[in-house]
Amino acid sequence: MNNSAEPTTRSVFRRVWPVLKWVLFVLVMLFVGRKAWQLWRDGDVGSVQVHWRWLLAACGLYVFGWLPSVLFWHRLIHGLHGTSSLLDVAHAFFAGHLGKYVPGKASVLLIRAGLLANRGCRPGVAALTSTYETLACMGVGMAVGLTLAPLVWPRDLTDRFPATIRPAFEHPLPFGLIVVAVCVVLVPVAAKLLGLIVKKLAPTNVTTSNETNGINGTGMSQPIRARFLLFWCFVFVATWLLHGASLGCTLRAVGVETSWSDWLTWTGDVSSASVLGFVAVFAPGGLGVREGVLISMLKTQPGISPSQAVAATALLRVVWLAGEILTAGGLAWIARKTKTSTIEPRA
């Protein structure tokens, strides 16, 4: 009787979830949009002055910040006997990024796997390694956001924490060092979990003897070694630092008098908002969720008016999306030209 009830529950969930997802998305967009409009209207709108050169810098820093992800994904693909070039991997990576705006975040994996299908990587391997890259990068983003939480989380939020936790936020440096130490200790656990995923999902004939790159070829039981993963986790910190710098340039673009001494604050803002947008599976591209979190953090920081917080948040979405579109299009053009030149008959 329980066995028959379980499929029924699953089938009901499959029918209800798409509707519930869209309802949640619309509610979040309405709430965040209303709040943003109030802040914009009640704030000092005259303080917002757009400087385009800072937006160009923000776009470049954002795109360049994804280089560790491209290199990591390329390394994993070759560790599983893929032969895709770095150019093809980069093209698939940025084109797949645009898929996050399609309802159902699996579109990212489908696009990336499809683009590499005839470029030296089987779809299953491409999807699996892309999942690794995403989880690793976002996991580091979560760690960075938590490490910098005392600098960026709104005071009215931390004041609601239990009395036993609240004092930790009064000492940002010890708090951050403890978080980093805990994350380093947990890396072997994360490596084992990823190993279990590969053992469950990877094709049985996908093996490799390349021990030097951290990919274990003995039965695919642990394809990612802890030392290998730890190294790339530290590399991924650069991603979030560059994305934080992108936010800093965007703040300068709307007239905020920022200083590079605030770089860690920008990084904490971006990592916290991006990770929360990522885990909000009902929101395509984290739309609405990321903006709501980022506005709530920026408006409480010194030197940033509510209007500037709203303007910077909106422009950051536009700048990052433009960077993804331009980079994906540019890499597609280069890849096509490269392919054409290799098949042209020599005179």
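Predicted model: local features only at pLDDT ≥ 70, side-chain atom pairs only at ≥ 80, totals over all residues.
Rolling a probe the size of a water molecule over the atoms shows where empty space is left. Here the largest pocket holds about 980 Å³ of space. It is lined by 39 residues, and those closest to its centre are Gly 139, Val 140, Ala 143, Val 144 and Cys 183. The largest share comes from H9, with 14 residues. What classes of residue make up the lining of the largest pocket? There are 35 nonpolar residues and four polar ones, and no charged residues.

Next, the core. The largest nonpolar core has 67 residues. Phe 72, Phe 94, Leu 229, Leu 247, Leu 251 and Leu 298 touch the most other members. H10 supplies the largest share of this core, 10 residues. Take Leu 298 from that list. Setting aside residues up to four places away in sequence, Leu 298 touches Leu 247, Leu 251, Asp 269, Ile 304, Ala 309, Ala 312 and Thr 313.

Thr 258 sits between H10 and H11. Is Thr 258 buried or exposed? Its relative accessible area is 15%, and the cut-off for buried is under 20%, so Thr 258 counts as buried. Apart from neighbours within four places in sequence, Thr 258 is in contact with Gly 248, Leu 251, Arg 252 and Trp 266. Leu 251 is also on the contact list of Leu 298.

Key
Residues numbered from 1 in each chain as written. Heavy atoms only, no water. 1 Å grid on protein atoms, 1.4 Å probe; cavity = no way out; pocket = protein on both sides within 12 Å on 5 of 7 lines; lining within 4 Å. Points joined across faces, edges and corners; volume = space filled by probe spheres on them. Helix = DSSP H or I, 4+ residues; strand = E, 2+ residues; numbered from the N terminus. Nonpolar A, V, L, I, M, F, W, Y, C, P; charged D, E, K, R; others polar. Core = buried A, V, L, I, M, F, W, Y, C linked by side-chain atoms within 4.5 Å. Buried < 20%, exposed > 50% of the residue type's maximum accessible area, 1.4 Å probe, protein only. Contact = heavy atoms within 4.5 Å.
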